[in-house]
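Hello,

Here is the structure we talked about. Please open it beside this email and follow along.

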Amino acid sequence: MKSNQFRWILSFLLIVVISLTIMVTYYNKPHINVRETKVDYTLSTINLIEEYQQDEGATDKKYSEHVLQLEGKIFEISAQQGNSVITLKDKGSESSVICQMMAEENKKMLKLKKGDNISIKGVCTGYLLDVIMVRCILVE
Amino acid sequence: MKGFYIIVISLLLINQVTAQEKYLTKEGYISFFSHSIVEDIKADNNQVLSVVDTSSGEIAIQLLMRSFMFKKALMQEHFNENYVESYKYPKASFTGHILNFEDLDELNGITEITGTLTVHGREKEISTKVLVEMKNNELILSGNFKVDVADFDIKIPAIVENNIAKTIKVSFELRHNPYN
């Protein structure tokens, strides 16, 4: 009788521990790792901007929250709150793509200069006057 | 949202002759903070677009909800998918006036900013104190204010009611550069 009761308590505790572990893991699940994530769309900055300008609503549904790989020319590199920001913009274009780089990419910025053609992978968040990308990394 | 673009474009284009009166940033900072007994939640947005016309004190601000960065991925997901419904309302905006702008002593001082805040497709008139500074040719606006979640028709499920504050503190720091 005693041992039966003990078994019940033990299995109850086990269930509590397992469900707590699942809850904590779920609660602490990590942010998307852009480097390891498959690219959803590969395109040039011009094409991306043009698509947004033609139909912002539909384009936003297509690209935002997705991992994009973009090819374009560096217009500006700036720093902000410990992160680098690369602006990709082509000659004659009013709009640009503003890419907020991951902090781990900071060192690589030293090798880059205005006018370089580069490839950037990141998550698109939408369009203001420019297309905005976050969690970006350089593709080498 | 059409109205917002008209304001931004008119702020940027009208009076090209006096272009030095327009100030712009595409990398403004806005964060919000929710304090509750269960947890504190903070999110930062470093990609805020803001345009100021110093001749009239007019200001237009716009940001993408998905550009808010949370410490926890799960919070960011719930915020975008369930609370502010970013797929339906991807942007938040503010259009208004910086009061007594021309009277500020050499453009450094505290004044009031008043206008319409649009979040989750709902509009609300707000008014808050703002510190205006002019440093190294940068026009800096900073301050904070509080908003009620309920004013923007944002529904918080009962199960996480205690995790999220009813009133959220919003902080801003917008460093504008001259636009020409």
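**Where the two chains meet**

Start with polar contacts: across the interface of chain A and chain B, 15 residue pairs are found in polar contact, both residues at pLDDT 80 or more. Keep in mind that this is a predicted model.

Which parts of chain A face chain B?

The area buried between chain A and chain B is about 2500 Å². Carbon and sulfur atoms give 53% of that area. Look for Tyr27(A), Leu128(A) and Leu129(A). These three supply 26% of the area that chain A buries against chain B, more than any other three residues.

**Salt bridges**

Side chains of opposite charge can pair when their charged atoms come close. Over all chains, the count comes to 20 salt bridges. Between chain A and chain B, the count is five.

Glu65(A) and Arg66(B) meet in a salt bridge, with 3.5 Å from N to O. Why does this pair join two chains? Glu65(A) lies in the loop between helix 3 and strand 2 of chain A, while Arg66(B) lies in the loop between strand 3 (58-64) and strand 4 (69-70) of chain B, so the pair joins two chains. Glu65(A) is partly exposed, at 42% relative accessibility. Arg66(B) is buried, with a relative accessible area of 8%; that falls under the 20% cut-off for buried.

Now stay within chain A. Arg35(A) forms a salt bridge with Glu104(A), and the closest N and O atoms are 3.3 Å apart. Arg35(A) lies in the loop between helix 1 and strand 1 (41-44) of chain A, and Glu104(A) in the loop between strand 4 and strand 5 of chain A, so the pair ties together parts that are 69 residues apart in sequence. Arg35(A) is partly exposed, with a relative accessible area of 37%. Glu104(A) is exposed, at 51%. Both also belong to a network: salt bridges that share partners join Arg35(A), Glu104(A), Glu105(A), Lys108(A) and Glu140(A).

Another pair in chain A is Glu51(A) and Lys62(A), whose side chains meet in a salt bridge of 3.1 Å, N to O. Glu51(A) sits in helix 2 (residues 45-54) of chain A and Lys62(A) in helix 3 of chain A, 11 residues apart. Glu51(A) is partly exposed, with a relative accessible area of 25%. Lys62(A) is partly exposed too, at 32%.

**Strand pairing in chain B**

Finish with strand 9 (residues 167-178) of chain B. Which strands pair with strand 9 of chain B? Strand 1 (residues 22-35) of chain B is joined to strand 9 by seven bridges, and the two run antiparallel. In that pairing, the bridge partner of Tyr29(B) is Glu173(B). Strand 8 (residues 138-148) of chain B is joined to strand 9 by 10 bridges, again antiparallel. Here Gly143(B) stands opposite Phe172(B).

Best wishes

How values were computed
Residues are numbered from 1 along each chain as its sequence is written. Chains are lettered from A and ligands numbered from 1 in the order in which they are written. This is a predicted model: local features need pLDDT of at least 70, side-chain atom pairs count only at pLDDT 80 or more; totals for chains, interfaces and linings use all residues. Side-chain values use heavy atoms; hydrogens and water are left out. Buried area is the accessible area (1.4 Å probe) that two parts lose on being put together, summed over both. A salt bridge is a side-chain nitrogen of Lys or Arg within 4 Å of a carboxyl oxygen of Asp or Glu. A polar contact is a pair of N or O atoms within 3.5 Å; within protein, one must be able to donate a hydrogen and the other to accept it, and residues adjacent in sequence count only if both atoms are side-chain atoms. Helices (H or I, at least four residues) and strands (E, at least two) are DSSP runs, numbered from the N terminus. Buried means under 20% relative accessible area, exposed over 50%, partly exposed in between (1.4 Å probe, protein chains only). Two strands pair if DSSP finds at least two bridges between them.
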